[in-house]
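The sequence and the structure are shown first.

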Amino acid sequence: MHDNSAYGKNKDSIIYWEGNRNRVDDLYPSEKYFFLPVIKKSLSVLDVGCAAGGFKDIVHEINPSTSYTGIDVSDNLIKSAIKRHLEASFCSYDGVTFPDKLGLYDLAYSFGVLHHVYDWYGIVKQMLSFSKKHVLFDLRLTSENTINDITKSYQKICFNGEWDGKTIISYNINNIGEVIQKLMLITDKEDRIDVFGYLSPPTKLAVTTQEIVTMASIYIEKESSSPGFYCNIKY
């Protein structure tokens, strides 16, 4: 059963996102690798899948001068973000098409979202459209076949420590070659694509056929001085 109803509606969900993922120390190594240096040189950012806006505090911990905008599919989490971060901008969207009122940002990024989204490619394509220079996101990668089927790979959703036995979200694992091929179609020859990652067991909440995945961040620099594709995966 695919049931996303807990996200942003269940009280435990809101409490969780208000209290977690709001410090640099909360970031995974794969997230820090590109995010820390890019934020230092970004004056404006768009956070796709911002939840309750915790990354606003992370961004300002790194660079207090950066203007922060967040979008999310949950109206309740956006309401929480607005109350907690008066100096930032937030809006909800349908999870498919970015709001027209968004501007252009030095960096468009998304963490912890796209491996739960079947059309990650469509989201990244829009991130490129709303970015002046930098795009950054994470995926779960494999050298084996892509797993994009919730009956074969899913993540249990539990915010209070106990799973209700039914609430799940897709846990997609993409073939790295397919990912690179798709990115080549939506980037220009002047762009640079960097992949950084390391092998790890999936989250303990995941139920999947893969015992090991590559926890990867993918960074795109538009009109780079050193265009091309670069891969740094630790084995």
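The mean positions of the 25 positive and 29 negative charges of the protein are 2 Å apart. In this count Lys and Arg are positive and Asp and Glu negative, while His and the chain ends are not counted. Each charge is placed at NZ of Lys, CZ of Arg, CG of Asp or CD of Glu.

The model is predicted: local features need pLDDT of at least 70, side-chain atom pairs count only at pLDDT 80 or more, and totals for chains, interfaces and linings use all residues. Residues are numbered from 1 along each chain as its sequence is written, and side-chain values use heavy atoms, with hydrogens and water left out.

**Overall form**

Six helices and twelve strands make up the secondary structure of the protein; helices (H or I, at least four residues) and strands (E, at least two) are DSSP runs numbered from the N terminus. The radius of gyration is 17 Å, close to the 18 Å that the globule rule gives for 235 residues, so the protein is as compact as a globular protein of that length. That radius is taken over C-alpha atoms, and the globule rule is 2.2 Å times the number of residues to the power 0.38. Along the principal axes, the C-alpha atoms fill a box of roughly 50 × 45 × 30 Å.

Of the 235 residues, 52% count as buried, where buried means under 20% relative accessible area, exposed over 50% and partly exposed in between (1.4 Å probe, protein chains only). The protein exposes about 11,500 Å², of which carbon and sulfur atoms supply 50%; accessible areas come from the Shrake-Rupley method with a 1.4 Å probe. Among contacts (heavy atoms within 4.5 Å) with a separation of 6 or more, residues 24 or more positions apart account for 70%.

Seven of the ten residues of helix H5 (residues 120-129) are buried, so the helix is largely enclosed by the rest of the structure. The buried residues are Trp 120, Gly 122, Ile 123, Val 124, Gln 126, Met 127 and Leu 128. Their cover includes E1, strand E4 (105-110), strand E5 (131-142), E8, helix H6 (176-186) and E11.

Asn 174, in strand E8 (residues 174-175), touches Trp 120, Leu 139, Arg 140, Leu 141, Thr 142, Thr 146 and Val 179, not counting residues up to four places away in sequence. Ile 220, in strand E11, touches residues including Leu 128, Lys 133, His 134, Val 135, Phe 137 and Leu 183, with the same exclusion of residues up to four places away in sequence. The C-alpha atoms of Ile 220 and Phe 90, 130 residues apart along the chain, are separated by 24 Å.

**Aromatic pairs**

The structure holds 17 aromatic pairs. Rings of Phe, Tyr and Trp (its six-membered ring) pair if their centres lie within 6.5 Å; planes under 30 degrees apart count as stacked, over 60 as edge-to-face and the rest as tilted. Tyr 16 and Trp 17 form an edge-to-face pair, at 5.0 Å centre to centre and 85° between the planes. The rings of Tyr 109 and Phe 111 have their centres 5.8 Å apart and their planes at 50°, so this pair is tilted. Both Tyr 109 and Phe 111 are buried. Tyr 33, Phe 34, Phe 196, Tyr 198 and Tyr 219 form one aromatic cluster.

**Loop residues and accessibility**

Most residues other than glycine have a negative phi. Ala 51, in the loop between strand E1 (44-48) and helix H3 (54-62), has a positive phi near 55°. Glu 223 likewise has a positive value, near 50°, and is found in the loop between strand E11 (213-221) and strand E12 (228-234).

Asp 149 is placed in the loop between E5 and strand E6 (154-156). The C-alpha atoms of Asp 149 and Asn 172, 23 residues apart along the chain, are separated by 7.2 Å.

The table gives the accessibility of several residues discussed above.

| Residue | Relative accessible area | Class |
|---|---|---|
| Tyr 16 | 30% | partly exposed |
| Trp 17 | 22% | partly exposed |
| Ala 51 | 5% | buried |
| Asp 149 | 30% | partly exposed |
| Asn 174 | 8% | buried |
| Ile 220 | 0% | buried |
| Glu 223 | 64% | exposed |
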